[in-house]
Amino acid sequence: MNPKDPKEKEEFSRLIKKAGAKVAKTVTAEIIDAYCDYLKDYPLDLIERAINQAYRDRDQDDIWLKTQIVTSLEIEQAAKAIIEDEGRMEHAKCSKCNGMAWIVAERKDGSIVAHPCECLYNRAVDALQKKSRTRKDRDNDRYMKVIARSYEAYQKR
Ligand SMILES: [Zn+2]
């Protein structure tokens, strides 16, 4: 999300106020700013899903926890888990690699080589083109570049 965009900031405030309302807590502008500072690398729709997921992930028998608003850290952890789950689901749908993301092939000399599947290559290209980037994406860039190069080299061979 872009905190400098008034519309996005307002939508973000609404989400945090709603998260507070769930546990009968009023959130101040300072609290919203602190959440915003922590979560600004994530898109709004993901933050909304992550808030709900973070509440579900909690120990439901903990009565004290039921009175507390989800922290920015809990929301971030839920967001990361959602991103990872969806990545796995995308591979799982692929029939070329059966969800393995890598394909093992035999070279002419009989040796074995593993190359990235098209689905992994497409994800690498998407990741490298994405505009709103999380810290995690940036950490991942080096790996994604290796996958893209490896795939292209295999196709040219
Ligand atoms: Zn695949």
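Of the 18 residues in the largest nonpolar core, Ile 47, Ala 50, Ile 51, Ile 75 and Ala 79 touch the most other members. Such a core is a set of buried Ala, Val, Leu, Ile, Met, Phe, Trp, Tyr and Cys residues joined through C-beta atoms within 7 Å. A residue is buried if 20 or more other C-beta atoms, placed from the backbone, lie within 10 Å of its own.

The largest share, 5 residues, comes from α3. A second, separate core of 7 residues includes Cys 117, Leu 120, Ala 124 and Tyr 151.

The model is predicted: local features need pLDDT of at least 70, side-chain atom pairs count only at pLDDT 80 or more, and totals for chains, interfaces and linings use all residues. Numbering runs from 1 along each chain as its sequence is written.

The protein chain has 6 helices and 2 strands, in the order α-α-α-α-β-β-α-α. These are DSSP runs (helices H or I, at least four residues; strands E, at least two), numbered from the N terminus. The radius of gyration, taken over C-alpha atoms, is 20 Å, well over the 15 Å that the globule rule gives for 157 residues, so the protein chain is more spread out than a compact globule. That rule is 2.2 Å times the number of residues to the power 0.38. Of the 157 residues, 17% count as buried.

Key
Buried ≥ 20, exposed ≤ 12 C-beta atoms within 10 Å, placed from the backbone.
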